Amino acid sequence: MTANKNVILMVALGAIACLLSIFLSQFFAKRIYDNEALLARIERLPPAVEHLQILSKNFVQSGDPITWKRIADGLEALKADLQLTPDVAVQWRAEMDALGTDLESYTRILSRIQEPAILLNREKDRLKSISLSFSQEVEAQIVQPYQQKEGERIYAGGQLDPFKVRIKDTAMEVIRLHLTQQLILLELLVDWDLARYQDKKASIEADLALHQKRLNYLNILLGNEPAIDAIIASLVRKLDSLVLQEQTIFRYFTTITGLNNQLAHLDSRLLVASKAFTGKLRTEISESNRINQMLGWSLPTILLAALGILGALLARNIIQFVKELESNRQELQINESNLKVTLDSIGDAVIATDHQGRITRMNPSAELLTGWKLASAFGRKLSEVFHIVNAHTRARVADPAEKVMASGRVVGLANHTVLLANDGKEYQIADSGAPIRTPDGRIIGVVLVFRDVTESYVQEQKLRESEKQLRKITANVPGVVYRFECTSEYRCTTTFVGENLRQWFGLEPDPATFAQAFRSGIPDEERERYEHSLREAIRQSHPWHYEGQFRKESGERIWFSGDAIPYQEENGTAFYGVVQDITERKRNAETLRQLRNYLSNIINSMPSVLVVVDRKGRVTLWNKSAEQATGLTFDQVHRQPLATVFPRLADQIHSIETALDKREIIRESKVPIQYQDETSFEDITIFPLVANGVEGAVIRLDNVTERVRIEEIMIQSEKMLSVGGLAAGMAHEINNPLAGILQTAEVLANRLSNKAPIPANEKAATTAGTTMLAIQTFMELRGIPRMLKTIKESGSRVAVIVDNMLSFARKSDATVSSYDIAELIDRTLTLAATDYNLKKQYDFKAIEIHKDYGENLPQVPCESAKIQQVLLNVLSNGAQAMVGAGASKPRFILRTRWEPERNSVRIEIEDNGPGMEPAISRRVFEPFYTTKPVGVGTGLGLSVSYFIITENHSGEMSVESSPGKGARFIIRLPVKHRSSSDHR
């Protein structure tokens with residue numbers, strides 16, 4: 001009885017020790033589980049932060065609310081990962097609080113980016129709108145009306161109006177400047193390069209000043225009228241808006257740049273803190289595992305000790321068992337032989353123990369695997385011979401015989417069990433233990449059956465490891481990885497689908513339902529194309545590629561791409577592939593395409609020739625102006641040497657290399673270009689270009705022929721103004737002595753005349769010893785009265801000429817009065833008669849003038865000085881042409897007629913000079929066009945005359961000429977004066 005009590009006491013103490021060991025093991029297992037869960041949450045932080053960085057950059061570029069929603073969702077997910085849940089140990093609260101604080105700071109700064117990014121993109125759209133409205137207004141209000149009017153004029157048989165061409169060219173130059181300024185701002189938003197933008201800041205300021213000057217010049221050309229002033233004022237306001245846009249965009253850009261720098265700093269802090277925290281968690285998990293393993297060893301030890309004590313207390317029962325065994329020995333010997341034969345013939349290893357766990361039998365397979373012979377192992381505890389450990393932790397596995405004895409049921413080993421043989425070999429085994437019962441159900445021993453599964457275990461482990469790696473890889477692929485098999489009858493089954501199917505497409509990652517669920521998400525209008533492409537790939541066993549739309553359960557539509565590659569396997573064809581969400585790529589591609597087209601249109605709309613070359617001088621960009629200048633398309637010159645396709649730039653190769661080496665802009669001004677028989681001038685500017693590691697240069701050619709000629713004309717005009725002022729001054733100075741000459745001649749005639757008695761004359765003659773009659777007789781005999789008359793007539797003509805010259809040279813306020821056209825023509829002829837060219841040896845007075853004036857012509861409202869200037873220009877050009885051609889009898893025919901159907905007075909000036917070719921007569925009124933040598937003519941005389949008649953007087957001016965038959969200039973002046981605005 002006392003022995004039984006001791007047994008019960010020992011069993012109770014063993015049970016308590018086992019329960020304590022189990023409780024501690026469960027405690028540390030729970031701790032390991034919580035720490036591993038926390039580790040998984042912290043490990044998600046770095047990739048999530050990097051994803052937020054990408055989304056933030058995309059949002060700044062696009063201002064897309066969907067992108068911002070994804071940012072907000074990402075922040076919420078991060079906050080959820082960093083929340084202090086009850087399973088987080090107290091020791092980690094400080095690290096979690098620090099990460100949470102940094103995340104809050106990160107969230108605040110990221111939130112501050114939202115408003116300026118939205119405003120920046122709104123300002124970018126406004127910038128495009130302002131530029132478009134500016135270009136449209138210039139096109140609609142200035143360019144198109146003048147083009148339409150000019151087209152109607154040409155259609156009606158009129159000539160090309162050079163002033164309207166000038167207006168159109170200036171308007172297009174204004175558009176180009178406006179687009180150039182916008183392009184610089186857009187480059188800042190595309191490249192996000194503040195240093196490069198600041199380098200171009202000076203260019204913006206210079207272009208703005210030039211822009212304003214062009215607008216002022218355009219206003220002057222258009223006539224400074226109220227309607228035109230309103231258009232120019234509107235354009236100036238848009239120009240001011242562009243300046244404000246530049247300032248606003250730069251302000252938002254600076255704000256976002258500063259916030260991005262702060263975000264980068266916090267990104268680094270979060271990543272460093274999360275990495276340090278991860279290291280601590282891994283150390284803690286490793287330590288907890290070690291403690292848990294020690295606890296695992298304690299339980300078998302306690303059980304073995306308890307069994308040992310129980311065996312000692314129950315030793316007395318052994319005697320009884322021995323007696324019983326002895327009585328049955330004869331029977332057992334008979335069965336022993338049969339049992340041995342049976343055990344030895346079993347392929348699996350078999351070990352039998354008694355109820356105390358001591359080995360009683362072993363077959364040859366068991367001897368081979370354990371490295372023990374039955375003779376040596378007999379009677380030993382099973383744990384001494386059958387030494388098994390966990391394959392991963394190397395922890396000792398509990399004796400299976402003891403498990404069977406304790407449970408009374410069949411017990412199988414857990415996976416990953418290794419048998420340590422006596423000879424040092426190791427075998428991965430699979431076994432099961434069953435109790436040996438007597439007929440009355442009493443357990444008298446254990447039979448253990450096991451086999452060597454090392455090879456299959458290794459293969460299984462490799463398979464599991466491969467599957468684990470596959471899961472990790474597919475979880476990090478930016479898309480969903482899948483696999484499906486197809487038989488020769490085209491029956492397909494999905495065998496694998498990535499876990500991130502839910503994240504990308506909102507579907508459950510179940511291979512059984514994947515194909516049908518994904519097909520349901522294809523829009524109806526695309527489903528047939530999707531299925532056809534898939535069927536064709538399966539039928540031909542070719543790689544599959546498809547791009548289309550997918551509709552999520554939420555209704556959101558996204559773009560996706562599907563790819564799969566076929567492999568021939570034993571049971572048929574297996575396709576391995578991936579489907580990806582390419583919505584962002586599609587959106588970016590479309591934005592990039594639009595931006596490229598927009599920039600291409602801007603570049604091609606520039607009148608300047610733009611050529612971009614790489615470091616080796618090969619052409620990489622070629623705008624429309626370059627195509628027009630060379631007659632070669634971009635496809636013809638792409639990657640060709642610049643010197644080959646643009647020979648006149650061959651001399652600039654050295655300048656291009658210098659610009660690249662020194663990183664500075666090189667400019668050459670007024671470079672002469674000989675084209676056929678004309679010399680043009682152009683400015684050459686070379687900009688060094690370094691972008692994305694690619695070096696090259698931008699070459700801009702601007703035709704400045706007009707500017708050069710204007711400068712020359714301005715110099716010539718200054719000279720002419722000086723000569724005109726000198727002539728006016730001389731005429732004024734001649735007036736004074738001329739008046740004295742005329743007055744003295746009149747007094748002399750009176751004093752020498754005897755027609756009226758003058759006492760003073762009689763007295764003087766008497767004093768001289770003669771009479772007035774004698775003096776009168778002498779003068780008549782010598783012709784003195786006739787000479788005095790000639791002096792007075794000549795002086796009067798000189799006075800008229802001087803007065804006319806002063807009236808013509810005198811500046812006026814351009815007032816309009818009514819004049820007799822015949823009188824204006826005669827006054828102009830008087831001025832022209834003073835024209836004598838010593839070098840050309842001609843005198844205008846030697847030209848025959850034939851007048852054919854109409855009768856009863858109405859007076860014409862005009863500015864007399866300007867009309868005289870027109871007539872003088874035509875007469876001067878005609879006189880020079882006739883004398884230059886060697887006309888024997890140069891002649892002008894001047895006609896005036898009344899045209900009631902036009903309500904105009906018609907003036908014709910016809911000469912008998914050499915005439916003009918049709919190509920010359922079509923361009924005779926074009927500014928700067930002249931057939932005279934350099935330095936002789938400016939090409940402005942007739943163009944200014946044309947402007948005075950058509951613009952200032954709303955009239956018409958044309959020329960009729962043919963070679964060898966002279967030229968006839970026709971001028972029509974309306975009698976009822978119409979304003980410039982009416983004309984337009």
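D614 lies in strand β13, which spans residues 609-614. Strands here are DSSP runs of E with at least two residues, helices are runs of H or I with at least four, and both are numbered from the N terminus. The model is predicted: local features need pLDDT of at least 70, side-chain atom pairs count only at pLDDT 80 or more, and totals for chains, interfaces and linings use all residues. Residues are numbered from 1 along each chain as its sequence is written, and side-chain values use heavy atoms, leaving out hydrogens and water.

E848 is found in strand β21, residues 848-853. Buried means under 20% relative accessible area, exposed over 50%, and partly exposed in between (1.4 Å probe, protein chains only).

| Residue | Class | Relative accessible area |
|---|---|---|
| D614 | buried | 10% |
| E848 | partly exposed | 45% |

Contacts come next; the term means heavy atoms within 4.5 Å. Not counting residues up to four places away in sequence, D614 touches T620, R639, E695 and G696. The D614 side chain also reaches the backbone nitrogen of K616 at 3.0 Å. The C-alpha atoms of E848 and D911 are separated by 9.9 Å, with the two residues 63 apart along the chain.

Now helix α14, residues 400-407. Its buried residues are P400, A401, E402 and V404. D399 caps the N-terminal end of α14, with a side-chain oxygen 2.9 Å from the backbone nitrogen of A401. Just after α14, G408 takes a positive phi of about 75 degrees.

Technical notes
A polar contact is a pair of N or O atoms within 3.5 Å; within protein, one must be able to donate a hydrogen and the other to accept it, and residues adjacent in sequence count only if both atoms are side-chain atoms.
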